Amino acid sequence: MARKATPDIRPFTRQFYRGTKRYIALGFLQTIIMTAANLLISWLLQQMIDLANGVDTGYTLRTLVLLACVSLGMILICYVLEHLGRPRFISQGMAQYRDYAYQRLSKKSIAAFSGENTSTYISALANDASAIENGYLASTFLIVDQAVLCVGALVMMCMYSPLLTGLSIAIALLPLAASLVSGGLVASAETRLSDANERYTATVRDSLAGFPVIKAFRAEKEMLSLYSRQVQSLAGAVCHRRRMGVIVEMLSTVSGVVLQFGISLIGVYLVLRGNSGLTGGMVLVFIQLLNYVIQPLGVIPQELAKRKAGKALIAKLADALDKSVREEGSVTTPTLTEGITVENLTFCYEEGKPALKDVSLHIPAGRSVAIVGASGCGKSTLLNLLMGSSPEYEGAIRYDGNDVRDIRSEALYDMVGLIAQNVFIFNASIRDNITMFRDFPGEAIDRAVALSGLQALIDQRGEDYLCGENGSGLSGGEKQRIAIARSLLRATPCLLVDEATAALDAATAHQVSSAILDLEGLTRIVVTHSLEEALLRRYDMILAMKAGQVAETGSFDELMARKGYFYSLYTIAQ
Ligand code: ADP
Ligand code: MG
């Protein structure tokens, strides 16, 4: 939180140019030909007007018509080049950028990600990405087009009249400075708009995800007013952004008109006075060329501001992706042959309010442990820390000799599987939800399905049944069984289970818990709230937790004989 260093956006912008250089080259070739064509057309215009006015220009009408055809051909070539180059550059560059951002995102740890607001990323990969597409990529060509045309026009103007050109530049300097300054306004307005978009996205997502709750609790009005507030704030940001655009445009238009009239008057004066070598056609074309100079003065600062705003959006994403990315551990081949050791573990979500206090325990490899305790006593916190959710604890959590902080997260997830309390089901087939879109041998899948009690569901709906958004087509128990099968299929040597049978009916819950207890050789830590003697007896150890501390440990019989905390929990539950 403390650091505010500007993030490095180069790895992101590099994505735009990977494999797209030939499209960029075509884009710039287009610029050059288009500029040449425009200048040729202006020159032809001057020649034709002067020819019509009886000035001897040294060119026949036939030559001029021929050259007009050439200029038309050049314009057609430009469009062919545009067809081949720019859209490909922009689309491919953007696709690579999105891919890269997603790759970086998927490198975040579960812990880092769960502490963040997903709207930042939704916004970055949706709204912001389109702003970057228009403001950063498309504007690059626009800027170059305008700059080359501007320089070309200036050179040609100098050839017609150095005096008029010099005067034009002098008059144009002031508005140029003004519009450069106003460009900064656009950039900050764009960032404000992106922030408003992010908050708006968060509200939309919340109100859609919580739709049934909102309806059932008749909170439509309240949600609408929350929503309206975000809409208002977004509208304010949109208005501000557009108004900044108006200011920039006004500056460039007003200065353009002043410049044009000023130079026209001087030009006309010079022609009327004679002996300047200027003709009416030249002055007319000079004014047209002046347009090619004035237009960029307005457009370029505006486009540069857009680019700056685009960069700010990229920096915002880079910053979010850099945030709380912790150093990965170096142990890539952890083992679990001795067991899991927790020593004096203390952990706080909030400073001074420990969720776990001085917890110590040892679980020999291949054994099963049940954790029981009242809601909020820290059971899930303990399991999550065992999964490496946070390195910010005191004490030690060791798999054999390795502290969990030193183990690379992929290696840890290969060794330890978690069946969590909250289940997420993808909008995919039952099979894909179990395999997580990977390939597994058929027998392995069948075994996981059987152990988790999913066979009936699959017989009934088929394994290709589409589960719906977060499993909307399934019951809570069915979702939970899919999550159990998913973890069992991974066949990690250690399995953590967090109240995974809570949504199951008693018979299925018993069957699944029993199946987990049957898994020989696996180290299992099972948080359970169903205090069923037949099952509790089968665990090698029971751990009773109370207010973030280990109250008691022992076998079922030992704990019952002690008549302590576990005994009271157990007797109340019966
Ligand atoms: P259990 O799983 O035993 O019901 P938890 O481990 O989920 O309990 O929670 C232990 C304590 O930590 C509770 O007081 C809970 O409110 C708090 N807690 C859990 N998760 C968070 C979190 N992400 N941020 C702050 N406090 C939390
Ligand atoms: Mg819990």
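A polar contact here is a pair of N or O atoms within 3.5 Å; inside the protein, one atom must be able to donate a hydrogen and the other to accept it, and residues adjacent in sequence count only if both atoms are side-chain atoms. With that in hand, Cys377 makes such a contact through a backbone N or O atom, 3.3 Å from an oxygen atom of ligand 1.

## What you're looking at

This is a predicted model, where local features need pLDDT of at least 70 and side-chain atom pairs count only at pLDDT 80 or more, while totals for chains, interfaces and linings use all residues. Residues are numbered from 1 along each chain as its sequence is written, chains are lettered from A and ligands numbered from 1 in the order in which they are written, and side-chain values use heavy atoms, with hydrogens and water left out.

## Around ligand 1

A polar backbone atom of Lys379 sits 2.9 Å from an oxygen atom of ligand 1, and an N or O atom in the side chain of Tyr349 is 3.4 Å from one of the ligand's nitrogen atoms. On its own, ligand 1 has 560 Å² of accessible area (Shrake-Rupley method, 1.4 Å probe), and the protein covers 55% of that.

The shell (residues with a heavy atom within 4 Å) includes Ala355, Ser375 and Gly376. Its biggest contributor is helix 12, residues 379-386, which supplies three residues. Helices are DSSP runs of H or I with at least four residues, strands are E runs of at least two, and both are numbered from the N terminus.

## Strand 3, well covered

How many of the residues in strand 3 are buried? Six of six, across residues 368-373, where buried means under 20% relative accessible area with a 1.4 Å probe, protein chains only. Ser368, Ala370 and Val372 point one way, and Val369, Ile371 and Gly373 the other. In a regular strand, side chains alternate between the two faces of the sheet.

Strands pair if DSSP finds at least two bridges between them. Strand 3 runs parallel to strand 8 (residues 523-527) over four bridges, with Ser368 opposite Arg524. Strand 3 also pairs in the parallel sense with strand 9 (residues 541-546), over five bridges, and there Gly373 partners Met545.

Put together, six strands form an open sheet in the order 6-7-8-3-9-10, with mixed pairing. Strands 6 (416-419) and 10 (549-554) are at the edges with a single partner strand each, so one side of each has no neighbour in the sheet.

Strand 7 (residues 494-498) pairs in the parallel sense with strand 8 over five bridges; Asp498 has Val527 as its bridge partner.

Conventions:
Buried means under 20% relative accessible area, exposed over 50%, partly exposed in between (1.4 Å probe, protein chains only).
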